[in-house]
Amino acid sequence: MLSSSSATLQDAALTLLAMLCSHRECREQATDAGVTPPLVMLLSSPKREVQRAALALTQQLCGWKRSCDALLEAGAASPLAAMLQTSSAGSTEVSCVRSLGANYAYLTQTSSGPFRLRAATCCTSPTNGLT
């Protein structure tokens, strides 16, 4: 359902997964099932409601280190950094980036080029509310 072309279906699937992933066992199962690559794609959706639902699921997954690692490996730092640079960035975006920032050493060791610089800036810049 996450790869559907319907924004309504994507939003509903993401919302349901976010509710389910409030439980640790569900976070583990969702991560093991490979939810992170399509989730990262949806963080960059042109539909704001899909982005917000993807962000809610990302926030749930960031509560577990292995899920956080999987999000980093799938490239979640870049769309989250882009969200932080908008005027509508809120506490949810900052919370997700903080969780990913906890894995900053991993991020800088495995990333390169502009992505590395952008992710490093977003994870460490005090102007983004991160310390």
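Modeller: Before we start, a helix here is a DSSP run of H or I with at least four residues, numbered from the N terminus. This is a predicted model, in which local features need pLDDT of at least 70, side-chain atom pairs count only at pLDDT 80 or more, and totals for chains, interfaces and linings use all residues. Residues are numbered from 1 along each chain as its sequence is written, and side-chain values use heavy atoms, with hydrogens and water left out.

Colleague: Thanks! How many helices does the chain have?

Modeller: From the N terminus on, the elements run α-α-α-α-α-α-α-α-α. There are 0 strands, and the helices come to 9.

Colleague: Is Met19 buried or exposed?

Modeller: Met19 lies in helix H1, residues 7-20. Buried means under 20% relative accessible area, exposed over 50%, and partly exposed in between, with a 1.4 Å probe and protein chains only. Because its relative accessibility is 53%, Met19 counts as exposed.

Colleague: Why do the buried residues of H1 lie on the same side?

Modeller: Those buried residues are Ala7, Gln10, Ala13, Leu14 and Ala18.

Note on methods:
Helices (H or I, at least four residues) and strands (E, at least two) are DSSP runs, numbered from the N terminus.
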